[in-house]
Each structure stands twice: as C-alpha cells, then as structure tokens.
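Work through the following exercises with the sequence and the model side by side, and try each task before reading its solution.

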Amino acid sequence: MSSPFLKQVFNKDKTFRPKRKFEPGTQRFELHKRAQASLNAGLDLRLAVQLPPGEELNDWVAVHVVDFFNRINLIYGTISDGCTEQSCPIMSGGPKYEYRWQDEHRFRKPTALSAPRYMDLLMDWVEVQINNEDVFPTNVGTPFPKSFLQAARKILSRLFRVFVHVYIHHFDRIAQMGSEAHVNTCYKHFYYFVTEFGLIDTKELEPLKDMTARMCR
C-alpha cells in the first residue's frame, strides 16, 4: 500500500519544479547511477558518500548537489501547504535561529522574509545556479570553474536551512504522512556527505546538532 507521503508527492495538483537530470552517456550520468545504486543496495550511508576511486571530487559534488536539490525540493513541496505567510511569517529554525535572504539582485542586504517567500527565492536561486553552464558545466571536457566548490558550499548551506525549518516547524506534518523514515534517510545522506567533504561550516549545522547526534551516531 502506498504511503500518504508518496500520494502527496505524486498528487497532480502539486506543482514541483522540473528535476535537473543528467544526460545519458555522460560521465556524470554514470556517477549519478553509481550513487543511486549504492543507496538502493542499502549500503551504509557513510560509505556511500565516499569519493569513488579514480573519480574527480568536483564531479562527485556536482552530482550530489543536484540530487539533494531535487530531494529537498520534493520534501518541502509535500509540507508547503502548511507553511504559509500566517503560520511561518519569519524564515526560522526555532526561536534562536532566523534566516535572512540575500542575493545579487533584488535583496542586496540580508532581508527578513516569511518562510514560504524565502523558500521560493531559495529554490529559484539554486535552480539558476545548477542550470548555469559557467557554474555547473555539463559537457564532458569542460573544466569546472575554480570557484565551483565555493558555489557548492553556498548552495548546500542554504539547502540545509530547509531541513532546519521542516524539522523544527513542520515535523508533525512529516509524521502525519508517515514519512519520517524517508526524510530522516535523506537528512542522514546529506549530513554524511557535507561532513565527509567539509562542505558546511559546523556553526551552520548547529540548529539540528542534538537531533543529528542521536540520528547519526
């Protein structure tokens, strides 16, 4: 029997952003398949995130950034009907953490926004980054820019904030749909990956520190 979570995910009335996919036949597509195979085989997530022998770190990171964006976007999409201007007027992770939005265009200074507005801007911003050939080159032989890992760190740090908000403010919705195991697995995969390669500052991980200590022992 399909779970309420899956029904919610495949509800035709829900609008999700089109997934960024890897072109078949490319090295990154093969890496993506290998990463998925490891997960599907039930391999220990700590081992699954390790860089395969002979592979380039940038390629491995690019594959995972895109995959995490697709997964986290989906998780937020399933609870988004309960994340409104009224319920979440501030993008936060409990009373101690407030996230302000800043970008290169409209919001040049950190700006307090509601959670749904912040999420919209965040997902749009990530989508632009991963579809920008100058940042995420897709053609074999096109080198990554020197700033690639820095860009990946910023994307992953901002995506982590989605986990923070969902876990702290909407976990009852996740539990109601019976999808804790799915979300927890996504989170552990994300956490092991970013810590394996030092892609998020420890300070940024602070809001979920206690939960992570219990979940990722």
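**Exercise 1.** Leaving aside its neighbours within four places in sequence, find which residues C83 is in contact with.

*Solution.* Contact means heavy atoms within 4.5 Å, and with that cut-off C83, its neighbours within four places in sequence left aside, is in contact with Y76, C88, A115, P116, H165 and H170. A word on the model comes next. This is a predicted model, in which local features need pLDDT of at least 70 and side-chain atom pairs count only at pLDDT 80 or more, while totals for chains, interfaces and linings use all residues. Residues are numbered from 1 along each chain as its sequence is written, and side-chain values use heavy atoms, with hydrogens and water left out.

**Exercise 2.** Locate C83 and H170, and decide whether C83 is buried or exposed.

*Solution.* Begin with the place of each residue, where helices are DSSP runs (H or I, at least four residues) numbered from the N terminus. C83 lies in the loop between α4 (57-79) and α5 (115-130), whereas H170 belongs to helix α6 (residues 148-176). Next, apply the cut-offs: buried means under 20% relative accessible area, exposed over 50%, and partly exposed in between (1.4 Å probe, protein chains only). C83 counts as buried because its relative accessibility is 3%, and H170 is buried too, with a relative accessible area of 5%. Finally, with neighbours within four places in sequence left aside, the contacts of H170 are I79, G82, C83, C88 and H165.

**Exercise 3.** Find where UniProt places the feature "binding site".

*Solution.* The unreviewed UniProt entry places this feature at C83, C88, H165 and H170. These residues are spread over 88 residues of sequence, yet they cluster in space, since the largest C-alpha distance is 10.1 Å. UniProt positions are given in the numbering used here, feature names are shortened, and annotations may be inferred rather than shown by experiment.

**Exercise 4.** Work out how α4 is oriented towards α6 and towards α5.

*Solution.* Axes are lines fitted to C-alpha atoms, for helices over the stretch in contact, and angles run from 0 to 180 degrees between N-to-C directions. Angles under 35 degrees count as roughly parallel, over 145 as roughly antiparallel, 65 to 115 as roughly perpendicular and the rest as oblique. For α4 and α6 the angle is about 25 degrees, with the axes 10 Å apart, and the two helices are therefore roughly parallel to each other. For α4 and α5 the angle is about 155 degrees, with the axes 11 Å apart, and these helices are therefore roughly antiparallel.
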